[in-house]
Amino acid sequence: MTQSSTTDIGVRARKILSAVGAGDPFVDGGDLACVSPIDGAVMGTLQSHTPEEVTAQIGRAHAAFEQWRSVPAPVRGRMARELGELLREHKDDLGALVSIEAGKIVSEGLGEVQEMIDICDLAVGLSRQLHGLTIATERPGHRMMEQWHPLGVIGVISAFNFPVAVWSWNAALAFVCGDAVIWKPSEKTVLTALACHAIAVEAARRAGAPEHLSSVIVGDRAIGEVMVDDPRIPLVSATGSTRMGKEVAPRVAARLGRTLLELGGNNAAIVAPSADLDLAVRGIVFSAVGTAGQRCTSLRRIICHESIKDDLVAGLKAAYETLPIGSPLDPSTLVGPLVDTPAFRAFGAAIEQAQADGGVLVTGGAQAEVGDGGHYVHPAIVDMPAQTDIVKAETFAPLLYVLTYRDLDEAMALHNEVTQGLSSSIFTLDVREAETFVSAVGSDCGIANVNIGPSGAEIGGAFGGEKDTGGGRESGSDAWRSYMRRATNTINYSTELPLAQGVEFG
């Protein structure tokens, strides 16, 4: 890693913010420090919003929604188109800001912005496909149909690990569905949120959309609670830990609002005797160490057939020990830093507990000596004798557990034993095993892949999971329905008034 790649990171962040139209948001004496995980240094401070300011912002967003909902959906699609074009224009800058603030390597930072562009493209097409149904009615001279209408102000809570993509999944769809969006980003990645907000404001201006269609609120948990509790926000889309989701959901439910939850994952890959081991090793390594293991879809558990365990582990160990670790701004780096000190401590504590449970450290686990002040670690593999409590817990770090099985039923039992249900995969060339894995008696996760790892989803499919993952679905497929309300209409064009179910009255 070169020294030039990590000097004056705060200055670089300011230049990027200026380039995308966000100006310089830093203030002297602000209560919220913006820290880069690259070197652990404070880039500047921001001032959090007050509860009163948040309430006022929600009011302005609701007023924008009341204008936007009457705009025809294909016209609303212009907002997504303009947003996508601006993201293309600023892809390099925004990708670099993701690396600076979230610690993602260059390719992943750019990939996250590309994901935003892709969802905008999907949303533009969707703006002409918000289809309802025509439904057969038993009453002559009547027509029954279903329509989808804009829902309102959508509250978005995002996590640090996907600081921009998660917002775009929600926002691009919400805009074409006729909604306004108010965003509470993670306190760890506020700068990327401010950059996206500036881009969204310009997109709205170009598209002729109302002012305040897109808003950002800055602050800690208390600020988020103001948004969660406001009845003018019919849907809160929250991405983060299971603990967070279990706190958000009852508060929204108490006012009979909706939630869309994308929470924790403890994702596994079954490696069968017939697996292409070279393919499996490549798929496993990216899924386990990409984003330094800080994805909700990161691979945490390998469930390997006992007959191929030694060969698989040897291949993984060899790959792990050649991984370039260092600044995410260096194009040669594949493993960047953990986001902060608590993440680093959790990584070490999990390895210690796994070893106390009888696990054997195959490789990694130590702090990497890169000398930048950030928390860089060697991704770890631990061979476990059983699926203990620490294996069932989600550790947000590059920590991979290896378990063994004898038959597919045992593998599936181990796979589904954890409380999370986000993503999953199997490596096999046996069509029966593959089909069983993706069937109703196979993986209990929202995502079930064959011969690819669990991490790295395309925007065309609905993204989300079951059990402690929360049940939400974002991005493609019919996820747009979450951002709308359904109305069933019965229209009588006859001179008679027949009642349903043959009821006679009069």
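This is a predicted model: local features need pLDDT of at least 70, side-chain atom pairs count only at pLDDT 80 or more; totals for chains, interfaces and linings use all residues.
User: How do helix 5 and helix 6 lie to each other, roughly parallel or roughly antiparallel?

Analyst: Angles under 35 degrees count as roughly parallel, over 145 as roughly antiparallel. Helix 5 (residues 106-126) and helix 6 (residues 165-177) pack at about 15°, with 9 Å between their axes, so they are roughly parallel to each other. Helix 5 passes helix 6 in a right-handed crossing.

User: Which residues of helix 5 meet helix 6?

Analyst: On the helix 5 side they are Glu 112, Glu 115, Met 116, Ile 119, Cys 120, Leu 122, Ala 123 and Leu 126. They meet Ala 165, Trp 167, Ser 168, Trp 169, Ala 172, Leu 173 and Val 176 in helix 6. Sorted by class, the contact of helix 5 with helix 6 has twelve nonpolar, one polar and two charged residues.

User: At what angle do the axes of helix 3 and helix 6 cross?

Analyst: The axes of helix 3 (residues 73-89) and helix 6 cross at roughly 150° and come within 7 Å. That makes helix 3 roughly antiparallel to helix 6. Helix 3 brings Ala 73, Arg 76, Gly 77, Met 79, Ala 80 and Leu 83 to the contact, and helix 6 brings Trp 167, Phe 175, Val 176 and Cys 177. The residues of the contact of helix 3 with helix 6 divide into eight nonpolar, one polar and one charged.

User: How do helix 4 and helix 7 pack?

Analyst: The reading goes the same way, starting from the angle. Helix 4 (residues 91-102) and helix 7 (residues 190-207) pack at about 160°, their axes 9 Å apart. That makes helix 4 roughly antiparallel to helix 7. Leu 94, Leu 97, Val 98 and Glu 101 in helix 4 meet residues of helix 7, including Val 190, Leu 191 and Ile 199. The contact of helix 4 with helix 7 holds eight nonpolar, one polar and one charged residues.

User: How many bridges join strand 6 to strand 7?

Analyst: Three bridges join strand 6 (residues 180-184) to strand 7, and the two run parallel.

User: What is the order of the open sheet of seven strands?

Analyst: The order is 12-13-14-11-10-16-17, and the pairing is mixed. The edge strands are strand 12 (360-363) and strand 17 (447-450), each pairing on one side only. Neighbouring strands of this sheet are turned by 25° against each other on average, direction ignored. Strand 10 (residues 267-271) pairs with strand 11 (residues 299-305) in the parallel sense over five bridges, and Ala 268 stands opposite Arg 301 in strand 11.

User: Where does helix 12 lie?

Analyst: Helix 12 (residues 341-356) lies across strand 12, strand 13 and strand 14, running at about 25° to strand 14.

User: How many helices and strands does the protein have?

Analyst: Its secondary structure comes to 15 helices and 21 strands. The radius of gyration is 24 Å, close to the 23 Å that the globule rule gives for 506 residues, so the protein is as compact as a globular protein of that length. Along the principal axes, its C-alpha atoms fill a box of roughly 80 × 60 × 35 Å.

Key: Residues are numbered from 1 along each chain as its sequence is written. Side-chain values use heavy atoms; hydrogens and water are left out. Axes are lines fitted to C-alpha atoms, for helices over the stretch in contact, and angles run from 0 to 180 degrees between N-to-C directions. Helices (H or I, at least four residues) and strands (E, at least two) are DSSP runs, numbered from the N terminus. Angles under 35 degrees count as roughly parallel, over 145 as roughly antiparallel, 65 to 115 as roughly perpendicular and the rest as oblique. A crossing is left-handed if the near helix is turned anticlockwise from the far one by less than a right angle, and right-handed if clockwise. Contact means heavy atoms within 4.5 Å. Ala, Val, Leu, Ile, Met, Phe, Trp, Tyr, Cys and Pro count as nonpolar, Asp, Glu, Lys and Arg as charged, and the others, Gly among them, as polar. Two strands pair if DSSP finds at least two bridges between them. The radius of gyration is taken over C-alpha atoms; the globule rule is 2.2 Å times the number of residues to the power 0.38.
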